[in-house]
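Hi,

Here is the structure I promised to send over. Have a look at it first, and my notes follow below.

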Amino acid sequence: MGARQPHGDMHKRQRRKNVALLLALIGLVVVVYLITIVRMGGQ
Amino acid sequence: MTDTSLTTATKTAGDTFAEGARVGDFVALLKPRVMSLVVFTGIAGLIVAPGRIHPLLAAVAIMCIAVAAGAAGAINMWYDRDIDAIMARTRHRPLPAGRMAPDEALAFGVALSLFAIMLMGVATNWMAALLLAAANGFYVFVYTMWLKRRTPQNIVIGGAAGAFPPVIGWVAVTGHVDVEALALFLIIFLWTPPHFWALALYRAGDYAKAGVPMLPVVAGPAATRRQIVAYAIVLVFASLLPAALGTAGLLYGVVVAMLGVAFLVLTFAVWRDTGEAAARRLFAFSILYLFLLFAALIADRLSNLGGIG
């Protein structure tokens with residue numbers, strides 16, 4: 001059990017990083033979409 | 001001594017990163033405290049520039065300035081991980097502490113830089129994106145890789161990188177560089193040496209150990225104090241330029257004149273006092289000085305807009 005702890009922790013960290021990356025990419029797509037809408041409006 | 005320490009530090013950082021970095025380590029790579037001042041001066045440039053910009057595009061422009069500054073900080077930490085491991089102030093950063101692989105930090109910094117520059121071009125204009133790329137390139141290649149370890153003038157010339165944000169904010173609105181924007185650049189450019197040399201005065205031992213030729217290490221504390229006074233005097237006059245050029249009015253002029261007097265009082269205290277306390281006070285106040293100066297610029301502009309409306 002004790003020996004598994006570091007691996008479990010590592011997986012948890014990796015999962016958090018994957019979620020953060022996914023959220024950043026979704027955010028980027030949303031921002032680019034909004035920019036396109038605003039610029040198409042003549043700004 | 002230094003060579004051995006450098007080798008050991010690099011090896012240690014490279015050997016122990018297997019644990020995996022936390023999300024917080026990636027945030028730390030972006031130097032959030034430095035980023036806050038960069039963002040604030042960028043916002044000031046955006047607000048005082050003549051013209052209009054859609055609030056969403058303004059927000060994206062500020063985000064791009066923040067992300068690009070953070071990315072440059074990450075690349076700086078990647079390059080400086082050997083000397084960061086030696087200095088007490090920086091040895092707990094993710095790379096020297098061994099919590100992150102160097103390649104991971106470099107990839108993170110480069111990717112964020114490219115995203116921020118491209119997004120700035122798409123959201124505002126390509127002149128602003130070009131200036132953002134120039135600021136990043138200057139910080140990484142000119143300051144970090146070329147000047148920092150070679151000359152005591154490192155932060156004088158390298159300070160130009162930190163002076164870009166208000167110009168980028170200005171250009172995001174106008175599309176071109178004006179003399180009023182260059183005045184804002186000049187203020188930060190002249191502010192940087194007294195700010196960093198005040199820090200270096202009481203961290204000289206750390207810099208010497210890491211082999212970084214900061215002015216107090218190379219020329220000694222007395223010469224550094226004289227240089228601080230010289231730059232502070234020129235800075236106080238330069239800080240009045242926005243009022244002289246019409247970018248700001250009476251409110252800004254009065255606030256900045258008072259701030260300038262306080263800055264000079266603390267600077268002359270450093271000149272007379274050979275202890276650490278005066279240098280620490282000047283370093284702390286210099287951050288507040290720049291923050292309040294740009295806050296006065298924003299307040300002045302907004303009060304004028306209110307008057308017109």
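Which residues are buried in α6(B)? They are E104(B), A105(B), F108(B), G109(B), L112(B), S113(B), A116(B), I117(B), L119(B), M120(B) and A123(B). The general rule is that an α-helix has 3.6 residues a turn, so residues three or four places apart point the same way. Keep in mind throughout that this is a predicted model.

Next, the contact between the chains. Ten residues of chain B are in contact with twelve residues of chain A. On the chain B side, α4 (55-79) and α6 are the elements that give two or more residues, and α4(B) gives the most, with three. By type, that side of chain B divides into six nonpolar, two polar and two charged residues. As for chain A, its secondary structure comes to one helix and zero strands, and buried residues make up 0% of its 43 residues.

Chain B itself has been assigned two domains, domain 1 (14-177) and domain 2 (178-309). Their C-alpha centres lie 21 Å apart, and 30 residues of domain 1 are in contact with 29 residues of domain 2. On the domain 1 side, α3 (32-48) and α8 of chain B each supply at least two residues. α8(B) gives the most, with eleven. The domain 1 side divides into 19 nonpolar, seven polar and four charged residues.

That brings me to α8(B), which is worth a look on your screen. The helix is mostly covered, with 17 of its 21 residues buried. From the C-alpha atom of I157(B) to that of P102(B), 55 residues apart along the chain, the separation is 27 Å.

α8(B) also has a kink of about 35° at F164(B), shortly before the proline P165(B). As for its length, the 21 residues (154-174) should span 30 Å at 1.5 Å a residue, and the end C-alpha atoms are 31 Å apart, which agrees. After the helix comes G175(B), whose phi is positive, near 90°.

Cheers

Key: Residues are numbered from 1 along each chain as its sequence is written. Chains are lettered from A and ligands numbered from 1 in the order in which they are written. This is a predicted model: local features need pLDDT of at least 70, side-chain atom pairs count only at pLDDT 80 or more; totals for chains, interfaces and linings use all residues. Helices (H or I, at least four residues) and strands (E, at least two) are DSSP runs, numbered from the N terminus. The expected span of a helix is 1.5 Å times one less than its number of residues. The bend at a residue is the angle between axes fitted to the seven residues ending there and the seven starting there. A residue is buried if 20 or more other C-beta atoms lie within 10 Å of its own, exposed if 12 or fewer, and partly exposed in between; C-beta atoms are placed from the backbone. Two residues are in contact if their C-beta atoms, placed from the backbone, lie within 7 Å. Ala, Val, Leu, Ile, Met, Phe, Trp, Tyr, Cys and Pro count as nonpolar, Asp, Glu, Lys and Arg as charged, and the others, Gly among them, as polar. Domain bounds come from an automatic or database domain assignment.
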